[in-house]
Amino acid sequence: SSVVKGGALELGLAGLCSPNKVYSNSGDGFAASSVKPPTYDNGIWSPTRTSRHIHAGRERENEAQRDDEREIEEEEAGWSYEKACTIPNLISFARLVSGPCLGLCITHDMWSLAVGGTLVAGFSDWLDGYLAKRMKNQESSLGSYLDPLADKVLVTCLTAASGLKGLIDPAVCGIIIGRDVVLLSGAFLHRAHVLNWRWKTWQEYFRVIETSETNRGGGGGHAPAAPMVKPIFISKLNTVFQIGLVVSAISHGAMSWPDGQFVSGLGYVTAATTLASGAIYIRMYAKGQLLT
């Protein structure tokens, strides 16, 4: 009896000193096993923590499922919030909206707003391109269309308004606006031709996101995404001349500076670069070098 009590006492003390060991009756007495029982919170099994692990795992699975569903919805729509609402695209969109507003300022003789707004809009044309190249994940296929579209809307509105006020030669206005109309019409016709003149919805027509099926070589029932447009140097140079022309014309209307001869000369130079850039665009399109 004393032996049994002594063994029990030793076992109790060993259990207190070594809680991570399991004791078993090997026939000759109690022996310690090196196998550790499963422990969680400081050596004590916790069903609450186990349930937290299960809940976290389910949350990760649900989040992954939501991501997959969002990607499918973006493929169906042809748009992506991340690709559409980039900083450069927002700047380009603001410039596009400013075109009609600045045109109204010119026709209503609000010269200060017209000059200041045109300078800011011209600066934004450089800024959005700079940010698209410098910032991560800011360059997009949508931006390659939105940027030149914003330029054309801005220049067209300012040129038309300046022409109506008699600040720019009507022939120069016709060349600038005519080239932009031809280029925009050509872009829409090219897209329709790529889609074989058939598309289910306008979302398909303006698709800018490739589907996973298209990337793997299958169509998946979706139209191909519109390709990136690479601007050419003379086109950017022409935009600088066009912005300079309308700023000079507006300034002449507001302060009679610079003089009319300077505005006329700049108008002819701008008309020449406009025709040259249009001819180069047509030539590049014919060779398949414009849309990549």
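**Group meeting: a helix pair and a salt-bridge network**

Helix H10 passes helix H11 in a left-handed crossing. Before I go on, note that this is a predicted model. H10 covers residues 233–255 and H11 covers residues 260–286. They pack at an angle of about 155°, and their axes are 9 Å apart. Angles over 145 degrees count as roughly antiparallel, so that is how H10 and H11 lie to each other. Sorted by class, the residues in the contact of H10 with H11 are 11 nonpolar and 12 polar, with no charged ones.

Now the salt bridges. The count for the model is 8. I will stay with those made by Arg 95.

Arg 95 sits in helix H4, residues 87–107. Its relative accessible area is 2%, so Arg 95 is buried. Which residues does it pair with? Asp 125, Asp 147 and Asp 151.

With Asp 125, the N to O distance is 3.5 Å. Asp 125 is in helix H5, residues 111–134, and the two partners are 30 residues apart. Asp 125 has 13% relative accessibility and therefore counts as buried.

With Asp 147, the closest N and O atoms are 2.5 Å apart. Asp 147 belongs to helix H6, residues 141–164, so this pair ties together parts that are 52 residues apart in sequence. Asp 147 is buried too, at 13% relative accessible area.

With Asp 151, the N to O distance is 3.0 Å. Asp 151 is also in H6, 56 residues from Arg 95, and is buried at 8% relative accessibility.

Through shared partners, salt bridges join Arg 95, Asp 125, Asp 128, Asp 147, Asp 151 and Lys 236 into one network.

Methods:
Residues are numbered from 1 along each chain as its sequence is written. This is a predicted model: local features need pLDDT of at least 70, side-chain atom pairs count only at pLDDT 80 or more; totals for chains, interfaces and linings use all residues. Side-chain values use heavy atoms; hydrogens and water are left out. Axes are lines fitted to C-alpha atoms, for helices over the stretch in contact, and angles run from 0 to 180 degrees between N-to-C directions. Helices (H or I, at least four residues) and strands (E, at least two) are DSSP runs, numbered from the N terminus. Angles under 35 degrees count as roughly parallel, over 145 as roughly antiparallel, 65 to 115 as roughly perpendicular and the rest as oblique. A crossing is left-handed if the near helix is turned anticlockwise from the far one by less than a right angle, and right-handed if clockwise. Ala, Val, Leu, Ile, Met, Phe, Trp, Tyr, Cys and Pro count as nonpolar, Asp, Glu, Lys and Arg as charged, and the others, Gly among them, as polar. A salt bridge is a side-chain nitrogen of Lys or Arg within 4 Å of a carboxyl oxygen of Asp or Glu. Buried means under 20% relative accessible area, exposed over 50%, partly exposed in between (1.4 Å probe, protein chains only).
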